[in-house]
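Please look over the model shown here.

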Amino acid sequence: AVVSTQSTGDITQKVQKYAKSVVQMERGLPPNGVVPLLKEKVDSMKSKVPVITNLRNQSLKQRHWEEIEATLNNKFDPAADTLASLQTMDAFQFAEELEEISGKASSEANLETMLRKVEED
């Protein structure tokens, strides 16, 4: 369940490590068919990391998940959905919309925190 169990930091780190390896292979190995395939897969994963990060936003509340489901036109379960299921529901085609929802959730959480501080004083 990539959405709920994998650390986004770990995913990002692994993708960066593979990207660095690809660059080293491109420079150090004679031309071959394997390195371009690996580069394509790494670049593909690199483009998916922001969506995964946005779906892992701790500030997402039920209302945001409902908005995400409406955007994806699909039920979404962060505890069960995987990279494959995200691909099946075309979640990566909605990167901008998911980023907007995630950003809104973060902003709302910040406002709620400030409001609690004001109420406490």
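At what angle do helix 3 (residues 34-55) and helix 6 (residues 95-120) pack, and how many Å apart are their axes? The angle is about 30 degrees, and the axes are 9 Å apart. Helix 3 is therefore roughly parallel to helix 6; angles under 35 degrees count as roughly parallel. Axes are lines fitted to C-alpha atoms, for helices over the stretch in contact, and angles run from 0 to 180 degrees between N-to-C directions.

The contact (heavy atoms within 4.5 Å) involves Val51, Asn54 and Leu55 on helix 3. Helix 6 contributes Ala95, Leu98, Glu99 and Ser102. These residues split into four nonpolar, two polar and one charged. Here Ala, Val, Leu, Ile, Met, Phe, Trp, Tyr, Cys and Pro count as nonpolar, Asp, Glu, Lys and Arg as charged, and the others, Gly among them, as polar.

The model is predicted: local features need pLDDT of at least 70, side-chain atom pairs need pLDDT 80 or more, and totals for chains, interfaces and linings use all residues. Residues are numbered from 1 along each chain as its sequence is written, and side-chain values use heavy atoms, with hydrogens and water left out.

**Overall build**

The protein has six helices and zero strands. Helices (H or I, at least four residues) and strands (E, at least two) are DSSP runs, numbered from the N terminus. Along its principal axes, the C-alpha trace spans about 65 × 35 × 25 Å. The radius of gyration is 18 Å, whereas a compact globule of 121 residues would have one near 14 Å. That radius is taken over C-alpha atoms, and the globule rule is 2.2 Å times the number of residues to the power 0.38.

Buried residues make up 28% of the 121 residues. Buried means under 20% relative accessible area, exposed over 50%, and partly exposed in between (1.4 Å probe, protein chains only). Among contacts between residues at least 6 apart in sequence, 67% join residues at least 24 apart.

**Two residues**

Asn57 sits in the loop between helix 3 and helix 4 (62-72). Met25 belongs to helix 2 (residues 8-28). The contacts in the table leave out residues up to four places away in sequence.

| Residue | Relative accessibility | Class | Touches |
|---|---|---|---|
| Met25 | 28% | partly exposed | Val35, Leu38 |

The C-alpha atoms of Met25 and Pro36 are separated by 9.8 Å. Along the chain, Met25 and Pro36 are 11 residues apart.

Notes:
Parallel < 35°, antiparallel > 145°, perpendicular 65-115°, else oblique.
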